[in-house]
Amino acid sequence: MGAQQSFIAELEDAIQSGSPERRVQTLRRVTDLFLNDADRLNEEQIGLFDDVLCHLIKRIETKALIELSVHLAPIDNSPIEVIRRLARNDEITVAGPVLTQSARLTAGDLIEIAGTKSQQHLLAISGRSELEESVTDALLDRGDRETVHRLARNAGARFSETGFSTLVRNAETDQSLAEKLGLRLDIPIRLLRDLLLKATEAVRARLLALAPPETKDAIQHALAKISNEVSREATASRDFTPAQQGILLMKKEGRLDESALLEFANRRLYEQTVAALAMLSSASIDLIASLMKGARSAGLLVPCKAAGLKWPTVSAILRSRFAHHTMSEADLAQAKDDFLRLSQANAQRTLRFWQIHATATKETG
């Protein structure tokens, strides 16, 4: 009893007027007492330690707080308020251990911290062994590239439909993220298909090479479906006559210009897009239709440049070519580079050559 009273008196003295060194020494003693008996304490007893530790850490140097965080983080029944305070510390070396490990932090705690603290805090949270959908939504809302990538490879992180959609959208311009995302077992088939649609051939091949059997089957099925849809669309019969008549009328009335073509492409009006581009580039419907259906987009850049189109219009045309296929951002970036390097004079010469060749082939055929 005397020893207990002595310790209480020492504790009170350390809290009220002790030197920094004495407060650290007392903090370590209290922490050791808790750790030694943690598995036998009830919530009321843990609450007493919580109150004492909260008082002690008010004026404790960072080094001691780091030590406390490391000790308490893996303990499932650590004092709740202390854990919450450590998790909200601006120093990531203090907050990191509990953000990554502590079971005492609720989804609400994590969402609040994700919304107010540094990217390092978000990165620490993204490494937890389990994450609810509401937490990953919050992390994706503010997280930088490193946090997003860590989430994508965290098998214990659960994502909402919105969260997965955000990841797929980010993966359009990030091949490394596309690979991590494509290997997840829980990605919805619809979004896996969207991911593969926009992935480069190199990413698709790597996903097939790295995927476990249960994922590989889903990837192969999605790729086969994409291939069938694109092939079916590319070989589908099209009637351009009504669209061509409408474009001729627009030209006669002075309404056919680049802005009209851009609207057709943005609205994915395929026949009107082909007819308008043919008219503006002085090419045949058959030639433009053939270029639109081509597996590669490079040929289509020629009539676009010959017509003097600006890149936003060309980009819209390239994006609208197939209803079941979308160009990746990487492929679009390459197409833009090729388009800007191509001169209008060379494009017009090339287009005339193609026209003559096509006409001669048709006549001899």
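**Figure 1. The surroundings of Asp-174.** The side chain of Asp-174 is joined to the side chain of Arg-145 by a polar contact of 3.0 Å, where a polar contact is a pair of N or O atoms within 3.5 Å and, within protein, one atom must be able to donate a hydrogen and the other to accept it, residues adjacent in sequence counting only if both atoms are side-chain atoms. The model shown here and in the other views is predicted, so that local features need pLDDT of at least 70 and side-chain atom pairs count only at pLDDT 80 or more, while totals for chains, interfaces and linings use all residues. Residues are numbered from 1 along each chain as its sequence is written, and side-chain values use heavy atoms, with hydrogens and water left out. Asp-174 itself sits in the loop between α11 (161-171) and α12 (175-182), helices (H or I, at least four residues) and strands (E, at least two) being DSSP runs numbered from the N terminus. The side chain of Asp-174 also reaches the backbone nitrogen of Ser-176, at 3.2 Å. With a relative accessibility of 10%, Asp-174 counts as buried, a term that means under 20% relative accessible area, against over 50% for exposed and values in between for partly exposed (1.4 Å probe, protein chains only). When its neighbours within four places in sequence are left aside, Asp-174 is in contact with Arg-145 and His-149, contact meaning heavy atoms within 4.5 Å.

**Figure 2. Ala-152 in helix α10.** Ala-152 belongs to helix α10, which comprises residues 145-152, and this alanine is buried, its relative accessible area being 2%. Apart from neighbours within four places in sequence, the residues in contact with Ala-152 are Phe-159, Leu-177, Lys-180 and Arg-184. The C-alpha atom of Ala-152 is separated by 7.9 Å from that of Leu-167, a residue 15 positions away along the chain.

**Figure 3. Ser-78 in the loop between α4 and α5.** Ser-78 is found in the loop that links α4 (62-72) to α5 (80-87), and its relative accessible area of 0% places Ser-78 among the buried residues. A polar atom of the Ser-78 side chain lies 3.1 Å from the backbone oxygen of Ile-75. Leaving aside neighbours within four places in sequence, Ser-78 is in contact with Phe-34, Ile-46, Leu-72, Ile-83 and Arg-104.

**Figure 4. Helix α6 and the helices that pack against it.** Of the 10 residues of helix α6 (residues 92-101), seven are buried, so this helix is largely enclosed by the rest of the structure. The buried residues are Ile-92, Val-94, Ala-95, Gly-96, Pro-97, Val-98 and Leu-99, and they pack against α4, α5, α7 and α8 (119-126).

**Figure 5. The pairing of α7 with α9.** The axes of helix α7 (residues 107-116) and helix α9 (residues 133-142) come within 9 Å and cross at roughly 5 degrees, axes being lines fitted to C-alpha atoms, for helices over the stretch in contact, with angles that run from 0 to 180 degrees between N-to-C directions. This angle makes α7 roughly parallel to α9, since angles under 35 degrees count as roughly parallel, over 145 as roughly antiparallel, 65 to 115 as roughly perpendicular and the rest as oblique. On the α7 side the contact is made by Ala-107, Leu-110, Ile-111, Ala-114, Gly-115 and Thr-116, and on the α9 side by Ser-134, Val-135, Ala-138, Leu-139 and Arg-142.

Figure 6. The axes of α20 (residues 298-306) and α22 (residues 329-341) come within 10 Å and cross at roughly 45 degrees, which makes α20 oblique to α22. In this pair, Leu-301, Cys-304 and Lys-305 of α20 meet Ala-335, Asp-338, Phe-339 and Leu-340 of α22. The axes of α21 (residues 311-319) and α22 come within 11 Å and cross at roughly 135 degrees, and these two helices are therefore oblique to each other. Their contact is made by Trp-311, Val-314, Ser-315, Leu-318 and Arg-319 of α21 together with Glu-329, Leu-332, Ala-335, Lys-336 and Phe-339 of α22.
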